[in-house]
Amino acid sequence: MQVRIAESIALVTIGDGVIAALFPARHAARWMIGPDPVRRVVAKFVQHPGLMRAAGVVQIVAGIAWVAALPPKPR
């Protein structure tokens with residue numbers, strides 16, 4: 001995978017994590033789409049915003065770790 005693509009994906013991951021951490025219930029509610037099994041999982045995040053906030057923090061940490069592990073310049 002090209003470094004720039006990987007970094008772009010990490011940036012989106014970090015941004016999504018920030019939104020989830022700051023606005024957990026609203027962010028989860030916006031994803032109440034798709035088949036019933038998906039809606040049931042998302043409903044748990046809506047009902048338990050602390051869980052969504054924790055998932056957001058994990059996304060932020062994972063995105064930062066991913067960027068830190070990338071080589072300093074594209075090959």
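This is a predicted model: local features need pLDDT of at least 70, side-chain atom pairs count only at pLDDT 80 or more; totals for chains, interfaces and linings use all residues.
Which residues of H1 are buried? Residues are numbered from 1 along each chain as its sequence is written, and side-chain values use heavy atoms, with hydrogens and water left out.

Helices are DSSP runs (H or I, at least four residues), numbered from the N terminus. The buried residues of H1 are Val3, Ala6, Ala10, Ile14, Gly17, Ala20 and Ala21, where buried denotes under 20% relative accessible area, exposed over 50%, and partly exposed in between (1.4 Å probe, protein chains only). Viewed down the axis of H1, these buried residues fall within an arc of 125 degrees, so they line one face of the helix; the arc is that of the directions from the helix axis to the C-beta atoms. Such a pattern can be read against helix geometry: an α-helix has 3.6 residues a turn, so residues three or four places apart point the same way. On the other side of H1, Arg4, Leu11, Val12 and Leu22 are exposed. The 20 residues of H1 (residues 3-22) should span 28 Å at 1.5 Å a residue, and the end C-alpha atoms are 28 Å apart, which agrees; the expected span is 1.5 Å times one less than the number of residues.

The buried residues of H1 pack against helix H2 (24-29) and helix H4 (49-69). Within H2, His27 is buried, with a relative accessible area of 7%. Not counting residues up to four places away in sequence, His27 touches Asp16, Ile19, Ala20 and Met52, contact being defined as heavy atoms within 4.5 Å.

For H4, 21 residues should span 30 Å at 1.5 Å a residue, in agreement with the 30 Å between its end C-alpha atoms. Met52, Gly56, Ile60 and Gly63 are the buried residues of H4. Down the helix axis, the buried residues of H4 fall within an arc of 90 degrees, so they line one face. Val58, Val61, Ala68 and Ala69 are exposed on the other side of H4. The cover over the buried residues of H4 includes H1, H2 and helix H3 (36-47).

The axes of H1 and H4 come within 7 Å and cross at roughly 155 degrees. Axes are lines fitted to C-alpha atoms, for helices over the stretch in contact, with angles from 0 to 180 degrees between N-to-C directions. H1 is therefore roughly antiparallel to H4, since angles under 35 degrees count as roughly parallel, over 145 as roughly antiparallel, 65 to 115 as roughly perpendicular and the rest as oblique. Ile60, located in H4, touches Ile14, Gly17, Val18 and Ala21, leaving aside residues up to four places away in sequence. Ile60 and Ile14 are 46 residues apart in sequence and 4.5 Å apart in space, C-alpha to C-alpha.

The axes of H3 and H4 come within 4 Å and cross at roughly 100 degrees; H3 and H4 are therefore roughly perpendicular to each other. Phe45, Val46 and Gln47 of H3 make this contact with Pro49, Leu51, Met52 and Ala55 of H4. Pro49 counts as partly exposed, at 31% relative accessibility, and is in contact with Pro24 and Ala25, its neighbours within four places in sequence being left aside.

Technical notes: Helices (H or I, at least four residues) and strands (E, at least two) are DSSP runs, numbered from the N terminus.
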